[in-house]
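Here is a short report on one protein model.

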Amino acid sequence: MRLTLPLTHLSGGLSETIVRLRERIDTTSEEAVTGRYKDMTVHLSGRIGKAMLGQKAIDDVSNERTQLVLKESRLEIIQQSLTAIDDNIGQLGVRMKAALGSEDFTAREAVVRDAQAALASTFSVLNTRHGERYLFSGNATNTKPFADADEFLDDVRTMAASATDAADFAAQMDTYFSTPGGGWQTDIYAGTPTSSDPAGVTGTDPAIIQSVWGLAVLALSGSDETLALFDGNSDALIQATDTIADGQAALTNVRAERGILQAQIETSKSALDVEETVLTHAFNQMTARDQYEAASELKQLETSLEASYTLTARLANLSLLNYMR
């Protein structure tokens, strides 16, 4: 009768063991999936600071790559836009010279129509965005850079009507485009004349100005216009074909410069890949958990937990008579 049954003590001890086993199973199962220790502070002890610096270095590489990919996307769209402008212009200057030389009225009118379409398309392309960022507006990235092409044609039409000769018209056009208070930068182009982005192309770039200058003159040289300055084989019209050629040459140079930037980005991305590989390897050496080992331990823990549950059930059903036996 003096025998004290230790059932309460045994049950309490098993309950604590079961709780610890379940916690350890949760931790090990997570480590088996992630391949990393869950509690880095305990695992690394005095090396936790070094590990944190390693993780920060990996994160910095990832952030830098994200920025490079963003720049790469913008550059690609800029390249596509400039290519589209060049394609729109095509052989318009050459075709107009040929039509003027042969006095082919039908061919000339065809060039006029194509120039009008090319100018409208060019203005549309120059309003291209990447996300919420306008790519041809300089630093005013939230502002739509270009007005409607018809407004620009109205300005050119007015200057052509008032010009005394081709030289006077050229001087007016030059002032119109290059002067900050001129019509181009006050009425047509709403962006900034410069860009802090090395890849940016603004509406004051010679490649853009020369292209739209030449297209506008060709577009206004049709029979439906009453501009004497552009009649026949006028000097102003011949000069416009040369201006278009200059614009296309400038477009080629701008595209080449952006191509160099694209190549530099590819080189930088390759260097980041190597750096990330080295940093990740070093970080894994400190923090990685062998997934096979974790899975094996998990199996053992589950077996122990099952055994603990079985023993607990038996103790719960143990009677005095069974205990004495």
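Helix 7 runs over residues 166–178. Its 13 residues span 18 Å from first C-alpha to last, close to the 18 Å expected at 1.5 Å a residue. The model is predicted, so all that follows describes a prediction.

Which residues of helix 7 are buried? They are Ala166, Phe169, Met173, Tyr176 and Phe177. These residues cover an arc of only 85 degrees around the axis, so they sit on the same side of helix 7.

Helix 9 covers residues 206–219. It has 14 residues and reaches 20 Å between its first and last C-alpha, close to the 20 Å expected at 1.5 Å a residue. The N-terminal end of helix 9 is capped by aspartate 205. One of its side-chain oxygens lies 2.9 Å from the backbone nitrogen of alanine 207.

## Aromatic rings

The structure holds 12 aromatic pairs. A pair of rings is described by the distance of the centres and the angle of the planes.

| Ring pair | Centre to centre | Angle between planes | Geometry |
|---|---|---|---|
| Phenylalanine 152 and tryptophan 184 | 5.3 Å | 70 degrees | edge-to-face |
| Phenylalanine 177 and tryptophan 184 | 5.0 Å | 55 degrees | tilted |

The pair of phenylalanine 152 and tryptophan 184 links distant parts of the chain. Phenylalanine 152 belongs to helix 6 (residues 149–162), while tryptophan 184 belongs to helix 8 (residues 183–188). They are 32 residues apart. Are these two residues buried or exposed? Both phenylalanine 152 and tryptophan 184 are buried. Phenylalanine 177 is buried as well.

The rings also join into a cluster. Ring pairs link Phe123, Phe146, Phe152, Tyr176, Phe177, Trp184, Tyr189 and Trp213.

Glutamate 103 has a phi near 55 degrees, a positive value in a residue other than glycine. Where is glutamate 103 found? It is in the loop between helix 4 (92–102) and helix 5 (105–126). Its relative accessible area is 69%, so glutamate 103 is exposed.

Glutamine 300 lies in helix 11 (residues 291–316). At 55% relative accessibility, glutamine 300 counts as exposed too. How far apart are glutamine 300 and isoleucine 25 in sequence and in space? They are 275 residues apart in sequence, but 9.5 Å apart in space, C-alpha to C-alpha.

## The largest pocket

The largest pocket has a volume of about 160 Å³. Its lining includes the charged residues Lys71, Arg74 and Asp197. Leu68, Leu75, Pro198, Ala199, Leu261, Gln264, Ile265 and Ser268 line the pocket as well. Which elements give two or more residues to this lining? They are helix 3 (48–89) and helix 10 (235–287).

Technical notes
Residues numbered from 1 in each chain as written. Predicted model: local features only at pLDDT ≥ 70, side-chain atom pairs only at ≥ 80, totals over all residues. Heavy atoms only, no water. Phe/Tyr/Trp six-rings, centres within 6.5 Å; stacked < 30°, edge-to-face > 60°. Helix = DSSP H or I, 4+ residues; strand = E, 2+ residues; numbered from the N terminus. Buried < 20%, exposed > 50% of the residue type's maximum accessible area, 1.4 Å probe, protein only. Expected span 1.5 Å × (residues − 1). Arc of directions from axis to C-beta. 1 Å grid on protein atoms, 1.4 Å probe; cavity = no way out; pocket = protein on both sides within 12 Å on 5 of 7 lines; lining within 4 Å. Points joined across faces, edges and corners; volume = space filled by probe spheres on them. Polar contact = N/O pair within 3.5 Å; in protein donor to acceptor, adjacent residues only side chain to side chain.
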